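Student: Could you walk me through this structure with a few questions and answers?

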Amino acid sequence: MAQGSDTFSELSQYTLDRHSMRLLPEPFCRRHSVVVLGKIDAQASDTPVTIGMTDPDNQTLRFRISDFLQRAIQPVKLNRYEIDTALRTGFGAGPQTKSDLVIRERPPSRQPPSSVELVDDILAGAIEREASDIHIESYRDDVDLRYRIDGILHQAYTDMDPESVQEVVSRIKILAGMDITERRRPQDGRIRAVIVQGEEHKVVDYRVSVVPSPGGEDVVIRVLDSSEGLVPVSKLGMSPDTERVFLNLLSNPEGLILVTGPTGSGKTTTLYGALAQLNDGRKKIITAEDPIEYYVPKVNQKEVTPQMSHALLLRALLRQDPNVMLVGEIRDLETGSMALTAAATGHVVLGTLHTADAVGAVGRLRGLELDDADIADSLLAVLAQRLVRRICPRCVAPAEPTRKQKDLLGPLLDGIQPQTGVGCEECRHTGYRGRTGIYELLVVDSGLQELIAQGAHSAQLRRHARVHGFRTLVENALEKIASGQTTLAELVRVIPFRQLRTAREEHQPKKVSDDS
């Protein structure tokens with residue numbers, strides 16, 4: 001295999017052939033910043049294939065590419081911009097689908113905005129603020145517009161009032177394909193918009209829920225900005241040990257891996273990151289989603305519909321020869337039974353549950369009347385997670401625990417110097433900017449398998465896990481507090497009180513008896 005060069009090549013030196021470029025899977029190319037250059041002659045199997053790379057000296061990556069193409073390769077060094085340009089030629093900017101509206105910047109006006117302009121401003125405002133949700137709340141004498149940013153709702157100025165809000169809601173319902181004459185029943189829909197900012201075009205999906213209220217109708221819109229791309233596992237915020245074990249688990253040939261946590265804890269982001277990790281072009285990956293949130297290139301994504309229930313869809317997908325299945329939320333006996341069966345018969349199965357912690361997933365599966373032996377046989381691991389806000393790096397400063405935090409956390413605070421964000425223009429005076437995950441990863445070893453099969457209760461399972469190195473959400477959060485990534489206030493906000501008390505009790509110094 002030819003050696004990489006330390007000098008940059010020029011993209012203009014090479015022919016870009018779409019058929020040749022697509023011999024490497026698009027997710028692989030984008031994840032590793034590589035691209036096939038020139039036209040591959042299928043007859044000349046002894047001729048090396050030229051590969052553009054940002055790091056041509058990465059031996060492991062070069063061997064993977066050579067093995068995938070079954071050809072020797074000649075790596076050349078390109079910068080990231082040139083590789084992105086080449087990938088756009090080969091694969092396009094992403095899935096191009098019809099949009100429901102195009103939102104452009106408009107000049108300031110002294111005229112009151114129309115309902116069309118108000119909706120455009122509201123949808124574009126979410127992208128500008130990097131919000132995950134939009135809330136429009138109608139009251140008898142007022143209208144609130146709030147954006148959820150980094151998990152917290154923030155009030156925003158709006159020109160809507162109780163007289164004009166219905167026109168705005170009707171406009172949203174039309175765009176989302178809802179019945180505007182129906183105001184007594186909840187409705188769901190979806191809007192796809194193209195946001196035009198200068199020369200940049202951004203495709204954004206908005207998932208819309210409308211529910212009647214005494215003041216009219218309330219609207220909540222989930223913002224799904226696919227241009228942000230999938231977050232790789234390495235960027236989720238796991239500790240090095242947790243990330244290493246999680247990646248090893250994903251490389252298993254079979255088994256059920258569950259991601260648990262409440263709504264808004266980042267489960268979907270983690271699952272899509274796992275799919276991106278698994279999507280090397282050699283596996284058949286199928287998902288059953290309700291609904292599809294982000295479209296992943298070269299992954300067979302299927303959506304639950306009124307005509308095709310979750311269980312019916314999963315049964316059909318098992319006949320599609322998958323290697324990896326994403327089953328979404330396991331919420332009933334039939335779905336759980338199929339997930340366990342698939343995991344025990346040669347498939348990697350990814351799913352979610354709503355549980356407070358990792359150990360609680362076993363009890364939740366039992367609550368669906370799944371057999372202890374089947375759970376023990378199929379369950380590979382449970383990753384429990386929460387999202388905490390990151391301290392703004394521009395205004396970080398030392399902080400002292402409050403009296404309430406000292407009373408609640410006690411010995412957990414020993415040796416920790418908390419920090420906080422005092423607020424600045426960069427973070428809109430919140431003291432926070434962005435979010436990171438906190439995690440606990442429960443690996444089902446042989447001892448835990450035996451306990452689950454015997455019907456051991458959660459306290460026994462937890463004791464076994466702790467003896468064998470299991471680290472909790474609280475411990476991971478305290479590590480992030482000690483390293484200045486987040487605050488004590490975030491720990492108290494996202495971790496249930498019961499888990500904080502349990503962690504405190506485990507850290508209490510053991511009492512020495514008078515007889516010892």
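**Salt bridges, surface and domains**

Tutor: Arg471 and Glu479 form a salt bridge, with their closest N and O atoms 2.5 Å apart. A salt bridge here is a side-chain nitrogen of Lys or Arg within 4 Å of a carboxyl oxygen of Asp or Glu. Keep in mind that this is a predicted model, where local features need pLDDT of at least 70, side-chain atom pairs count only at pLDDT 80 or more, and totals for chains, interfaces and linings use all residues. Residues are numbered from 1 along each chain as its sequence is written, and side-chain values use heavy atoms, with hydrogens and water left out.

Student: Is Glu479 buried, partly exposed or exposed?

Tutor: Buried means under 20% relative accessible area, exposed means over 50%, and partly exposed is in between (1.4 Å probe, protein chains only). The relative accessible area of Glu479 is 35%, so Glu479 is partly exposed.

Student: How many residues apart in sequence are the parts tied together by Arg222 and Asp133?

Tutor: The side chains of Arg222 and Asp133 meet in a salt bridge at 2.7 Å, N to O. Arg222 lies in strand β10 (residues 216-224) and Asp133 in strand β5 (residues 133-138), so the parts they tie together are separated in sequence by 89 residues.

Student: Is Asp133 buried or exposed?

Tutor: Arg222 counts as partly exposed because its relative accessibility is 25%. For Asp133 the value is 7%, so Asp133 counts as buried.

Student: How many salt bridges are found in the whole structure?

Tutor: Side chains of opposite charge can pair when their charged atoms come close. A search of the whole structure gives a total of 20.

Student: Where does Gln70 lie?

Tutor: Gln70 has a positive phi, near 55 degrees, and is a residue other than glycine. Gln70 counts as exposed because its relative accessibility is 62%. Its place is in the loop between α3 (59-69) and β3 (73-77).

Student: What is the relative accessible area of Asp321?

Tutor: Phi of Asp321 is positive too, near 55 degrees. Asp321 lies in the loop between α9 (310-317) and β14 (324-329). Asp321 is exposed because its relative accessible area is 63%.

Student: How far apart do the C-alpha centres of domain 1 and domain 2 lie?

Tutor: The chain is divided into domain 1 (11-91), domain 2 (101-225) and domain 3 (233-389 + 435-473), with bounds that come from an automatic or database domain assignment. Between the C-alpha centres of domain 1 and domain 2, the distance is 43 Å.

Methods:
Helix = DSSP H or I, 4+ residues; strand = E, 2+ residues; numbered from the N terminus.
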